[in-house]
Amino acid sequence: MQYMFSEVQEARAQLQKEFESLAEKQTILKSIIFRQLYKTLGSLPVTEKPAFGAEVNRLKQEAQEWCRQIDDTDHRVVIDVTAPFAANTQLRPRLLDMTLGSQHPITQEIRVLADIFYRMGFTVLESRQIDDDYHMFESLNFPEGHPARDDYDTFMTTDGLIAPAHTSTMQNRALRLYAKNLERGEPIAVVVPDRVYRNEDLDTTHEHTFYQIEGVYVNKGVTVGNLIATLQTYLSEYFKQELKAKIQPFYFPFTEPSFEFAVERPASLRKESSEADQWLELLGCGMIHPNVLRFAGIDPEIYSGFAWGGGIERLIMMKHGIEDMRYFESGKLEFLRQF
Ligand code: DAH
């Protein structure tokens, strides 16, 4: 662009140089060069002021245009999470292009799981990333000093808060939250798919941070038969094939009786015929212990229910033939892009 006044023309050349060297391009609009031009403007005879002033304004608009062009073409974003908005910059925060990202496979599968349970009449709740002793143990019928607490070795803060080792921490909350359903003759039916933590030695099937899906169902006259049918339906839906299931006795303080639930390895995942009858233990389950109902203010003389909990990665690994659980948290793009 051309300017009649040589001062303005010169200032433009200087500005351009300065603009090229600037990291924060917008600061060009506050350049000392503009201030000098305004000073010159002030000292001019009245007759020259309007024309000179108009040129300075034009130069400013030109500089604004340079900034706009940079804004539109430069998609590199420096993200400083501690200061996403610097108060003194005119840089508009730019958003990352959504098409560059994708959902993590665990998020995708949680949606699939939630969808199965929505169709079966369940509600979905989230758990906490940090919880307390009452929800982790007491409300689940592990009194202080109970030896089974040792099976849930996890991380704690110095003031006794707990990174939950299972999604069962949400049982008491779910039961309380929906206790009113029972008065209306409706069941409590809740699933909780969320993140849990354990102090584990890491290998292909153990992570310190992983996901579980928990379920609770309470109503009048609920039996082990309902438990088996619900779990079998859920897993057959997830693997899109009829699966044979079996339960075997186990022990959890919060259920009585307690079981391990196993399904026959889906046909699609059988490598050799010798494995054909292999059972896969997928989750723990049982009839909710009367104390757990009582702790939530529900009368176990009137109502009964079942609960279950199991790892989500295990399901995804089976479904997609993934061999190493550590891939999920690795951030490896070659792995993530397959989903
Ligand atoms: N919380 C148990 C675990 O992480 C799994 C479990 C077993 C959950 C039985 C339940 C249940 O709700 O009834 O090992």
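A residue counts as near a molecule if its C-beta atom, placed from the backbone, lies within 6 Å of it. Keep in mind that this is a predicted model.

With that cut-off, who sits around the ligand? The shell is made up of His 166, Ser 168, Glu 214, Phe 252, Phe 254, Thr 255, Gly 284, Cys 285, Gly 286, Ala 307, Trp 308 and Gly 309. Two elements each give two or more residues to this shell: strand 6 (279-288) and strand 7 (304-311). Sorted by class, the shell has 5 nonpolar, 6 polar and 1 charged residues.

Now for the strands. Here is how strand 6 pairs up:

| Strands | Sense | Bridges |
|---|---|---|
| Strand 5 (residues 255-264) and strand 6 | antiparallel | 8 bridges |
| Strand 6 and strand 7 | antiparallel | 4 bridges |

Gly 284 in strand 6 is the bridge partner of Glu 260, and Cys 285 stands opposite Trp 308 in strand 7.

Next, take a look at helix 8 (residues 224-239). Its 16 residues reach 23 Å from first C-alpha to last, close to the expected 22 Å. Which residues of helix 8 are buried? They are Leu 227, Thr 230, Leu 231, Tyr 234 and Leu 235. Looking down the axis of helix 8, these buried residues fall within an arc of 120 degrees, so they line one face of the helix. The general idea is simple: an α-helix has 3.6 residues a turn, so residues three or four places apart point the same way.

On the other side of helix 8, Gly 225 and Ala 229 are exposed. The cover over the buried residues of helix 8 includes helix 4 (105-119), strand 3 (209-219), strand 4 (245-250), strand 5, strand 6 and strand 7. Just after helix 8 comes Lys 240, with a positive phi of about 55 degrees.

Terms used
Residues are numbered from 1 along each chain as its sequence is written. This is a predicted model: local features need pLDDT of at least 70, side-chain atom pairs count only at pLDDT 80 or more; totals for chains, interfaces and linings use all residues. Ala, Val, Leu, Ile, Met, Phe, Trp, Tyr, Cys and Pro count as nonpolar, Asp, Glu, Lys and Arg as charged, and the others, Gly among them, as polar. Two strands pair if DSSP finds at least two bridges between them. The expected span of a helix is 1.5 Å times one less than its number of residues. A residue is buried if 20 or more other C-beta atoms lie within 10 Å of its own, exposed if 12 or fewer, and partly exposed in between; C-beta atoms are placed from the backbone. The arc is that of the directions from the helix axis to the C-beta atoms. Two residues are in contact if their C-beta atoms, placed from the backbone, lie within 7 Å.
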